[in-house]
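Here are my comments, point by point. Please keep the structure open while you read them.

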Amino acid sequence: MARIEFLNSDMIRACNAFSNLDLKEAPTLFLEFIGSPSSVEEQALLAEDLCVGNEGENFSWATEHSERERLWRARHNCWYAVKATAPGTHAYSTDVCVPISNLPEIVMFCAELAAEMGVPAPIVGHVGDGNFHCFLLSNQDDSSGRELIKEFSRSLALKAQSLGGTCTGEHGIGLGKRELLIKEVGPGAYYTMKILKKALDPLLIMNPEKVIALDQLID
């Protein structure tokens, strides 16, 4: 298995409109297999059996390059497809990761949270390792919309942590998740990180304020 990607119904809808596709608007997995031709066929048939056995539908697979490109087009254009649903808006991507066994729970939580907060929540996930992103849109001058996105992202990150996951699967802590980092690693590990930061960057010139706030370094 080379990769497993997940798109929810909202994302499929956006991708259909943007890339002129006709995929069924339903939660969808995209799988890529590697190996010899016979090995790839064996893996694909096994995946189809598992799909059918778990009430999945519309399983299709291809080995020809052009058909593979068609099947993957939706995944490759996710970011642009979502932005095209509301031209002129700015997009924000959440980024959490959980153990694969807890992935269904947090995906359902994400959908429920989006419905509760009244925001569209198209999802794309690199679910082979439990990582997924929800793309949220806001107007640049809409402060209430930006606050809503922050609240959504924080709630999702806290849920990921409660399920034994992390507040960032690949995008990093940056400025917005410093508080969540302390909660995730604990005060002891966070203190060690502060000591290392001060030792390696005594002038505080490398990505200042990122990950660890400067006022927490000067003591």
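1. Start with confidence. This is a predicted model. Among the elements of the chain, strand 4 (residues 96–97) has the highest mean pLDDT, at 96. Helix 3 (residues 65–76) has the lowest, at 81. For the chain, the mean pLDDT is 90, and 98% of its residues reach 70 or more.

2. Next, the inside. In soluble globular proteins, nonpolar side chains tend to be buried together. Here the largest nonpolar core has 29 residues. Ile-106, Phe-132 and Phe-152 have the most contacts inside it. Helix 5 gives the most, with seven residues.

3. Look closely at Phe-152. Set aside its neighbours within four places in sequence. Its contacts then include Cys-110, Leu-113, Ala-114 and Met-117. Thr-94, Val-119, Cys-134 and Leu-136 are also among them.

4. There is another core, apart from the largest one, with 14 residues. Leu-7, Ala-74, Cys-78 and Val-82 are among them.

5. Now the surface. Phe-18, Trp-79 and Tyr-80 make a nonpolar surface patch of about 320 Å². Trp-79 sits in helix 4 (residues 78–84). Is Trp-79 buried or partly exposed? Its relative accessibility is 32%, so Trp-79 counts as partly exposed.

6. On to charges. Side chains of opposite charge can pair when their charged atoms come close. The whole structure holds 10 salt bridges. One of them joins Lys-24 to Glu-57, with the closest N and O atoms 2.0 Å apart. This pair links distant parts of the chain, 33 residues apart. Lys-24 is in the loop between helix 1 (9–19) and strand 2 (28–32). Glu-57 is in the loop between helix 2 (37–53) and helix 3. Lys-24 is partly exposed, at 44% relative accessible area.

7. Arg-154 pairs with Glu-179 in a salt bridge, with the closest N and O atoms 2.8 Å apart. Arg-154 lies in helix 6 and Glu-179 in helix 7, so the bridge ties together parts that are 25 residues apart in sequence. Arg-154 is partly exposed at 37%, whereas Glu-179 is exposed at 53%.

8. Glu-209 forms a salt bridge with Arg-178, the closest N and O atoms lying 3.1 Å apart. Glu-209 is in the segment after helix 7, and Arg-178 is in helix 7, 31 residues apart. Glu-209 is partly exposed, with 31% relative accessible area. Arg-178 is also partly exposed, with 24%.

9. Last, a network. Asp-10, Arg-13 and Glu-25 are joined by salt bridges that share partners.

Conventions. Residues numbered from 1 in each chain as written. Predicted model: local features only at pLDDT ≥ 70, side-chain atom pairs only at ≥ 80, totals over all residues. Heavy atoms only, no water. Core = buried A, V, L, I, M, F, W, Y, C linked by side-chain atoms within 4.5 Å. Buried < 20%, exposed > 50% of the residue type's maximum accessible area, 1.4 Å probe, protein only. Helix = DSSP H or I, 4+ residues; strand = E, 2+ residues; numbered from the N terminus. Contact = heavy atoms within 4.5 Å. Patch = residues over 30% accessible without salt bridge, like charges linked within 9 Å, V, L, I, M, F, W, Y side chains within 5 Å. Areas by Shrake-Rupley, 256 points an atom, 1.4 Å probe, with all protein chains shown as cover. Salt bridge = Lys/Arg side-chain N within 4 Å of Asp/Glu carboxyl O. pLDDT = per-residue confidence, 0-100.
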